[in-house]
Amino acid sequence: MLEKRVELEGMKVVEIEKCRSDIKKLREEMASRNSSFLEDNKKLTPHRDVSSYPKYMLSQQTIDALRKPTFDVWLWESNEMLSCLEYMYHDLGLVKDFNINPITLKRWLLCIHDNYRSNPFHNFRHCFCVTQMMYSMIYLCNLQEKFTQVDILILMTAAVCHDLDHPGYNNTYQINARTELAVRYNDISPLENHHCAVAFQIFSQPDCNIFANVDPEAFKQIHQGTITLILATDMARHGEILDSFKQKVDSFDFTNEEHVTSLKMVLIKCCDISNEVRPMEVAEPWVDCLLEEYFMQSDREKAEGLPVAPFMDREKVTKPTAQIGFIKFVLIPMFETLMKLFPQIEEVMVQPLRESRDRYEELKQIDDAMNEVQKKKSENLTVGGKKK
C-alpha cells in the first residue's frame with residue numbers, strides 16, 4: 001500500500017510539473033503574440049514610474065519659445081521633452097477641462113515615450129516635433145477661439161500618438177514584403193492603423209487612461225477624431241485630403257463639422273512634415289535622419305529582392321534632389337492653401353519654406369556644376385590615355 005501511495009504521489013508530481021511546463025509555454029506564446037503586435041517587446045505600461053520622472057521647471061524663455069515654429073527641438077533631452085508636452089496639456093486647459101489626473105498624464109506620456117522606437121527619423125523626438133508644431137499653430141492661428149476644446153484635445157493627442165511603434169520601414173515595404181501588419185490591415189495604411197491600435201491599447205490601461213473622467217459621448221468623439229487624424233498622416237492619401245480641403249477653403253464654415261474635420265486633417269499633415277518650416281540649422285539634421293532611414297529600407301529591399309523607390313536609393317539620391325520636389329510640390333502648395341484661411345502663417349511658415357526651396361535649388365546647381373567638372377576631367381583623362 002505504501003509503495004502504491006508513493007507511486008501515485010510520484011505521478012501527481014509529474015502531472016504538476018507537466019502542468020507548470022504547459023502554463024509556462026502558454027505564457028511564452030502569449031508574450032510572443034503580444035510582442036509581435038508591439039514589436040521589440042514594447043510594454044504598455046511605462047518602464048519607470050512617475051516617482052523617478054525628474055521634475056523639470058520650464059523657464060519663461062522656454063515657455064515663450066515653445067509657442068513658436070522656430071523652437072530648437074535638438075536642445076532637449078527626453079525628460080525635458082516630456083515636461084514640455086505635459087506643460088502644453090496644462091497650458092491649453094485640457095487637464096482642467098477634461099478632469100485629467102496629472103499623475104495619469106505623466107504616466108501616459110512616459111508610456112508614449114517608451115513605445116516609440118529608436119529609429120533615425122520616426123522616433124520620440126519626431127513625435128515631440130510634430131506636437132510642438134501643432135501647439136505653435138494653435139497659438140498662431142488662434143484655434144482655441146475657433147475650435148471646441150474637444151477638437152484641441154484631438155489635435156494634440158493625435159500628434160503625440162501619430163507614429164507610435166513605427167518600425168522604421170514604410171507602408172510600401174510592409175505591403176511588398178507581406179509583413180504581419182500589411183496582412184492584418186489588408187494593405188490599407190498598415191502603419192497608421194497600427195499607430196492607432198497601439199495608442200488605444202495604451203489608453204485601455206487604467207494607469208495611462210487620461211480620458212478616464214470623460215463622459216462616454218465625448219470619449220466616442222475623441223476616439224473617432226484621433227483615429228481620423230492619425231490615418232490622415234498616410235502620405236498615400238495626400239492628394240485626396242488636400243483636394244477636399246481646397247474645395248472648402250474659399251467658403252469655409254467653422255460651424256460645419258465636415259469642414260472642421262477636413263481642416264484638422266490638413267493641420268496634422270502640415271505638422272507631420274513641417275521640418276522645413278523651422279530654421280535651417282534645426283531643419284537640416286532631420287533630412288540626414290530621414291535619408292538614413294530611407295537608405296536602411298532600400299538596402300533591405302535590395303537584399304530581399306523587393307522594388308526600391310529611387311528617392312530612397314543611396315546611389316541615386318542627394319539631399320537637394322530629395323528636398324526640392326517635396327518642398328515645391330507637397331509642402332508649399334499645402335501651406336499656401338492653409339494660408340488662405342490663416343494669412344498670419346505666411347511670414348513664419350510659408351516664407352521659410354520658399355527660402356528653403358531656393359537654398360536647395362542653389363545647392364543642386366553647385367552639385368551639378370561640380371559633377372560636370374568631374375565628368376570633363378574623367379573624359380580628358382580617357383582621351384589622354386588613348387593618345388598615349
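Select E336 and R354 to begin: their side chains form a salt bridge, with the closest N and O atoms 2.9 Å apart. A salt bridge here is a side-chain nitrogen of Lys or Arg within 4 Å of a carboxyl oxygen of Asp or Glu. The pair links distant parts of the chain, since E336 lies in helix α16 and R354 in helix α17 (residues 345–387), 18 residues apart. Helices (H or I, at least four residues) and strands (E, at least two) are DSSP runs, numbered from the N terminus. E336 counts as partly exposed because its relative accessibility is 28%, whereas R354 is buried, with a relative accessible area of 18%. The classes are defined with a 1.4 Å probe on protein chains only: buried means under 20% relative accessible area, exposed over 50%, and partly exposed in between.

The model is a predicted one, in which local features need pLDDT of at least 70 and side-chain atom pairs count only at pLDDT 80 or more, while totals for chains, interfaces and linings use all residues. Residues are numbered from 1 along each chain as its sequence is written, and side-chain values use heavy atoms, with hydrogens and water left out.

**Further salt bridges**

Select R314 and D299 next. Their side chains meet in a salt bridge of 2.6 Å, N to O. This pair also links distant parts of the chain: R314 belongs to the loop between α15 (280–304) and α16 (319–341), and D299 to helix α15, 15 residues apart. R314 is partly exposed at 44% relative accessibility, and D299 is partly exposed at 31%.

Move on to R357 and D358, which form a salt bridge whose closest N and O atoms are 3.1 Å apart. D358 is partly exposed, with a relative accessible area of 35%; R357 is partly exposed as well, at 23%. Then highlight E284, D288, K319 and R359, which are linked in a network of salt bridges. The count of salt bridges comes to 20. Side chains of opposite charge can pair when their charged atoms come close.

**The annotated binding site**

Now select H126, H162, D163 and D272, where an unreviewed UniProt entry places the feature "binding site". These four span 147 residues in sequence, yet no two of their C-alpha atoms are more than 10.0 Å apart, so they gather at one spot. From this set, H126, D163 and D272 are part of the lining of the largest pocket. On a 1 Å grid over the protein atoms alone, a pocket is an open set of points with protein on both sides within 12 Å along at least five of seven lines, and lining residues have an atom within 4 Å of a point. UniProt positions follow the numbering used here, feature names are shortened, and annotations may be inferred rather than shown by experiment.

Centre on H126, which is found in helix α6 (residues 124–140). H126 counts as buried at 1% relative accessibility. Leaving aside neighbours within four places in sequence, H126 is in contact (heavy atoms within 4.5 Å) with F121, H162, D163, D272 and W286.

At 0% relative accessibility, H162 counts as buried. Not counting residues up to four places away in sequence, H162 touches Y116, H126, C127, V130, H195, I230, T233, I268 and D272.

Colour helix α12 (residues 216–231). At 1.5 Å a residue, its 16 residues should span 22 Å, which agrees with end C-alpha atoms 22 Å apart; the expected span is 1.5 Å times one less than the number of residues. Buried in α12 are A218, I222, G225, T226, I227, L229, I230 and L231. The cover over the buried residues of α12 includes α8, α11 (190–203) and α14 (257–272).

Turn to helix α3 (residues 78–91), whose 14 residues reach 20 Å from first C-alpha to last, close to the 20 Å expected. Its buried residues are E80, M81, L82, S83, C84, L85, E86, M88 and Y89. They pack against α2 (60–66), α4 (94–97), α5 (102–114), α6 and α8. After α3 comes G93, with a positive phi near 80°.

**The whole chain**

Finally, show the entire protein chain, which has 17 helices and 0 strands. Buried residues make up 48% of its 388 residues.

Definitions and conventions. On a 1 Å grid over the protein atoms alone, a cavity is a set of points where a 1.4 Å probe fits but cannot get out, and a pocket is an open set with protein on both sides within 12 Å along at least five of seven lines; lining residues have an atom within 4 Å of a point.
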